[in-house]
Amino acid sequence: MKLYHSLMLLALPVLAACGKPQPPETERRPEPQVAAMREAIAQPLEQAKAAAAATEDAAKAEKAALDAVGQ
């Protein structure tokens, strides 16, 4: 019986040192990158708006030039 108690006393600190294992790095969820996604969506929209405004300005200038020649 003394051997059994000795083994239990030796095993107790080993078992107490065990903790909950941390999940590996690949199993953790990635951090959300909302700002990067929002910028990636907004950048082409801004470029399209700028292109549309430039096209409208060019059309107005062409119309003004044609009106000036026609008079």
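These questions and answers walk through a predicted model of one chain.

Residues are numbered from 1 along each chain as its sequence is written. In this predicted model, local features need pLDDT of at least 70, side-chain atom pairs count only at pLDDT 80 or more, and totals for chains, interfaces and linings use all residues, while side-chain values use heavy atoms, with hydrogens and water left out.

Me: How many helices and strands does the chain have?
Reply: Helices (H or I, at least four residues) and strands (E, at least two) are DSSP runs, numbered from the N terminus. By that count, the chain has zero strands and two helices.

Me: What is the radius of gyration of the chain?
Reply: The radius is taken over C-alpha atoms, and the globule rule is 2.2 Å times the number of residues to the power 0.38. For 71 residues that rule gives 11 Å. The chain is well over this, so it is more spread out than a compact globule, with a radius of gyration of 36 Å.

Me: What box do the C-alpha atoms of the chain fill?
Reply: The box is taken along the principal axes. Its size is roughly 120 × 15 × 10 Å.

Me: What share of the 71 residues is buried?
Reply: Buried means under 20% relative accessible area, exposed over 50%, and partly exposed in between (1.4 Å probe, protein chains only). Under that rule, the buried share of the chain is 0%.

Me: How far does helix α1 reach from its first C-alpha to its last?
Reply: Helix α1 covers residues 2-17, which is 16 residues. The expected span is 1.5 Å times one less than the number of residues.

Me: Why does α1 lie largely in the open?
Reply: Look at its 16 residues. Helix α1 lies largely in the open because the number of them that are buried is zero.

Me: Is L3 buried or exposed?
Reply: L3 lies in helix α1. Its relative accessibility is 63%, so L3 counts as exposed.

Me: Which backbone oxygen does the side chain of S6 reach?
Reply: S6 also sits in helix α1. S6 is partly exposed, at 36% relative accessible area. At 2.9 Å, its side chain reaches the backbone oxygen of K2.

Me: How far apart in space are S6 and E62?
Reply: In sequence, S6 and E62 are 56 residues apart. From C-alpha to C-alpha, the distance is 99 Å.

Me: What separates the C-alpha atoms of A40 and D57?
Reply: A40 is in helix α2, residues 34-70. A40 is partly exposed, with a relative accessible area of 46%. Along the chain, A40 and D57 are 17 residues apart, and their C-alpha atoms are separated by 27 Å.

Me: How far apart in space are K60 and A48?
Reply: K60 belongs to helix α2. K60 counts as exposed, at 59% relative accessibility. K60 and A48 are twelve residues apart in sequence, and C-alpha to C-alpha they are apart by 18 Å.

How values were computed:
Polar contact = N/O pair within 3.5 Å; in protein donor to acceptor, adjacent residues only side chain to side chain.
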